[in-house]
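Please look at the structure shown here with its sequence.

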Amino acid sequence: MNVNLLDLKAQNNALEPQLHEAFLRVLRSGHFILGPEVERFERSLAEFTGAKHALGVSSGTDAILVALMALGIGPGDEVLCPSFTFFATAGCVARVGATPVFVDSCPVCFNLDLRDAARRVTARTKAVLPVHLFGQTADMDGVFDLARKHNLRVIEDAAQAMGATYRGKSAGTMGDFGTISFFPTKNLGALGDAGAVLTNDTALFERAKILRMHGMEPKYYHQIVGGNFRLDALQAAMLSVKLPHFDGYTAGRRRNAALYTEKLSAFSGVQVARSEDCCCLHARVVDKTASIILPVAYPHHGHIWNQYTLRVMGEGRRDVLRAHLTARGVGSEIYYPLPLHEQACFAPLGYKPEDLPWAHRLAGEVISLPVYPEIPAEQIQRVCDVIGEFPTL
């Protein structure tokens, strides 16, 4: 039995009549950029997340870019962001002319190490950009403590965490801005590129809205330079069809993650990460007897399991496990094989791999398993059986 990392057809085909109807509605309207479909989705998204304002944009990457621009982040400024994350986080900081200051990560929750972040603040630091990686939020109490102490803006990169919560608050609604991606593989996936910006600040919302349209207000008059960050009406219509099903998608991912944890933890040498080990809670405990460490959902977090990510102990063992899975027809992915502080484009910043030891180490240990909502239980069992055959277990 082969197991794919992801099957987008399973989710989208189940909604084919509604998606087809939405497509025809947009086609017949003749309104393909912004407009009523986008406005309708923005209202629904704001209501769903609890944000005062939601602004549809062209991608999750452009959402970060708009947020940085709206906050006036630019040349001479520094922005704290994790090194162990997708490129867009730091790439957008660089694109506005600011300098990404890379921060190490927690080996348990994979999010920003706030103690390391505090050490890297300078007089030029203007913002902190925590990423809610793999569907679990960063320690936002700690983020805001740091931000208040140093008068920093907060942009939440919630690209992988729409619907996740931190102490009852939705990811993306706590900072000055929150940014969301609707890339097709996300928990709420469009049928192409799409994203959104969330904020509770009306003035920031209005500025972001102007920036979305080349900085134009009123038509053909430009007080500021923006970009073309507009959301297609078609993508908004498709997302409006899928949004009412989001809670069901989340329930499926949580069910599948729990099933993995139950079955894999039964193997000798496999252990579940413990929340008391998290560096966000000021501890650095790593069980050196484990061959594989499973991810954990903190009690005060609503984890949405965008990814189910293992750590494989021992240099090179992760790659051996992936080859083992691939040879037996089981899909997997490595998010991410090279941390940002080691990327060639950021070499002029002068980081060495050992400057962020956990980011460097995690990049060599992590592997993510299929966890999409529609994966059958027998396929999860197959994945677990194949891992159970791994030589070090």
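Does phenylalanine 84 count as buried or exposed? Phenylalanine 84 counts as buried because its relative accessibility is 1%; buried means under 20% relative accessible area, exposed over 50% and partly exposed in between, with a 1.4 Å probe and protein chains only. This is a predicted model, in which local features need pLDDT of at least 70 and side-chain atom pairs count only at pLDDT 80 or more, while totals for chains, interfaces and linings use all residues. Residues are numbered from 1 along each chain as its sequence is written, and side-chain values use heavy atoms, with hydrogens and water left out.

Phenylalanine 84 sits in the loop between strand 2 (78-82) and helix 5 (88-95); helices (H or I, at least four residues) and strands (E, at least two) are DSSP runs numbered from the N terminus. Beyond its neighbours within four places in sequence, phenylalanine 84 has contacts (heavy atoms within 4.5 Å) that include Phe110, Leu133, Phe134 and Tyr336. Leucine 338 is 254 residues away from phenylalanine 84 in sequence, yet their C-alpha atoms are 7.9 Å apart.

Pockets and cavities come next. On a 1 Å grid over the protein atoms alone, a cavity is a set of points where a 1.4 Å probe fits but cannot get out, a pocket is an open set with protein on both sides within 12 Å along at least five of seven lines, and lining residues have an atom within 4 Å of a point. Grid points are joined across faces, edges and corners, and a volume is the space filled by probe spheres set on the points.

The largest pocket has a volume of about 540 Å³. Among its 28 lining residues, Gln160, Phe183, Thr185, Lys186 and Tyr336 lie nearest its centre. Helix 4 gives the most to this lining, with 3 residues. The lining has 14 nonpolar, 10 polar and 4 charged residues, where Ala, Val, Leu, Ile, Met, Phe, Trp, Tyr, Cys and Pro count as nonpolar, Asp, Glu, Lys and Arg as charged, and the others, Gly among them, as polar.

The second largest pocket, of about 380 Å³, is lined by 9 nonpolar, 2 polar and 9 charged residues.

The whole structure holds 3 cavities of 30 Å³ or more. The largest cavity has a volume of about 90 Å³, and Lys186 is one of the residues closest to its centre. The second largest cavity holds about 60 Å³; its lining includes Phe110, Leu133 and Phe134 and has no charged residues.
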